[in-house]
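Colleague: I am new to this one. Please show me how to read its features.

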Amino acid sequence: MGQRAVDRELAGVEGELVALRRDIHLHPEAPGQERRTAAIVARELRAAGLTVTTGVGGTGVVGVLRGARPGRTVAYRADMDAVPPQDIVGGGTAPAHVCGHDIHTTVAIGVAKVLARLRRQLSGTVVFLFQPAEEALAGARALIDAGVLESTRIQEIHALHCGPFPVGQFAVTPGYGLPGLDRAEVTLSGPDAPAAARRLVAEISALATVAAPQSPADLERMVTEVETPDGPLARFVAVRARAQDAKVSVSYRCWPPERYVTVREDIRRLAKSYAGSGASFPAEPFPAMVCPEGDARRVAHHLRRTLGRGAVTELHAAFPFNGEDFALYLQRLPGTYTFLGVRAPGAPITTGFPHYPDFAPDERAIGVGVRAMAGWIARRTHG
């Protein structure tokens, strides 16, 4: 399948994709509540001729496109949920599409439409996973537990995510990705427990090696640092700790993923220094998303060949304050996770940085994403 064929079919649907994204954007749905969005996805996939299953893992939608030629089975994943108000930087009053999942959903629908129109030239099978509840780190698990990977016999999986890079540019993450997440709780006792809890918060917070960004300049610096080989974010610990009366709650991310062992030991040691109190960890750390190096370099080569050498930048570190349940797929399958630049020329960085209230991606990224991923997925199903 040639890129010219992909571009020709994209030209016929790009306008309707932009309109579709705007509709989804105006109706954000909280994690696990994506009923309207799922209905739109199912409608669009059926209209394109895909075999569609709804209600997968809750509100998930699975669309299957079989090409006319033999080949491999490759999955493409898009998340559908909006950001809950408590996870919007500075807080919000309602769920909002400030993470770009409306863009992700639209791009995936666009890839499905384009490849369906080129079915006679398509090898293999493409499985589109429209996933709920990514913001809650629950949707990928729900689809996996529903048996999607086994029932469709997926051999590899791919995804895009909006990022604070110039529109038209992609960022690949060979050997990196996004950190996992761990949580701890400490309950203190005694008459001075509230004061001791506040002191413990300060001591645990001091384990952090990186502070949350407080300004656009901090965000600009962070983007520069993740693109810097052996830079300041090659290793990090990012900590959030708070005290409520005599209870201390901690969440933290770190890189490399193996560092969770030592950070847990540090938290236990600090907690025990307060009258023998110990820290409890409700669950094992949610895993980091580590992108296979070889696959990331292959998608980078494809993107450079398709869009030009300047269309790709490489990340040499992980963003410290973001996570992804796409990690659960990559624990089981090879694949890629690539950042899609959505920052408009001259726009403040917060308009391209997920979870900021003024997040406003450049809609030209939709066509760029479809063009790139339709060609990439067709290449992967061909083998």
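Colleague: How many aromatic pairs does the count come to?

Modeller: First, the ground rules. This is a predicted model, where local features need pLDDT of at least 70, side-chain atom pairs count only at pLDDT 80 or more, and totals for chains, interfaces and linings use all residues. Residues are numbered from 1 along each chain as its sequence is written, and side-chain values use heavy atoms, leaving out hydrogens and water. Now the rule: rings of Phe, Tyr and Trp (its six-membered ring) pair if their centres lie within 6.5 Å; planes under 30 degrees apart count as stacked, over 60 as edge-to-face and the rest as tilted. The count here comes to 11 aromatic pairs.

Colleague: Which pair is tilted?

Modeller: Phenylalanine 326 and tyrosine 337 are a tilted pair, 5.5 Å centre to centre with 40° between the planes. The pair links distant parts of the chain, 11 residues apart. Phenylalanine 326 sits in the loop between strand E13 (312–314) and helix H10 (327–330), and tyrosine 337 in strand E14 (residues 335–343). Helices (H or I, at least four residues) and strands (E, at least two) are DSSP runs, numbered from the N terminus.

Colleague: Why is the pair of tyrosine 337 and phenylalanine 339 edge-to-face?

Modeller: Their planes stand at 90°, with ring centres 5.6 Å apart, so the pair is edge-to-face. Both tyrosine 337 and phenylalanine 339 are buried. Buried means under 20% relative accessible area, exposed over 50%, partly exposed in between (1.4 Å probe, protein chains only). Ring pairs also build a cluster, with Phe165, Phe319 and Phe353 among its members.

Colleague: Which residues of H8 are buried?

Modeller: They are Tyr260, Val263, Arg264, Ile267, Leu270 and Ala271. Seen down the axis of H8, these buried residues fall within an arc of 130° (taken from the directions from the helix axis to the C-beta atoms), so they line one face of the helix. On the other side of H8, Val261 and Lys272 are exposed.

Colleague: What do the buried residues of H8 pack against?

Modeller: Contact means heavy atoms within 4.5 Å. The partners include helix H6 (193–205), strand E9 (236–244) and strand E10 (247–255).

Colleague: Where is empty space left?

Modeller: Rolling a probe the size of a water molecule over the atoms shows this. On a 1 Å grid over the protein atoms alone, a cavity is a set of points where a 1.4 Å probe fits but cannot get out; lining residues have an atom within 4 Å of a point. The lining of the largest cavity includes Tyr76, His104 and Leu340. Strand E3 (69–79) and helix H3 (101–117) each give two or more residues to that lining.

Methods
On a 1 Å grid over the protein atoms alone, a cavity is a set of points where a 1.4 Å probe fits but cannot get out, and a pocket is an open set with protein on both sides within 12 Å along at least five of seven lines; lining residues have an atom within 4 Å of a point.
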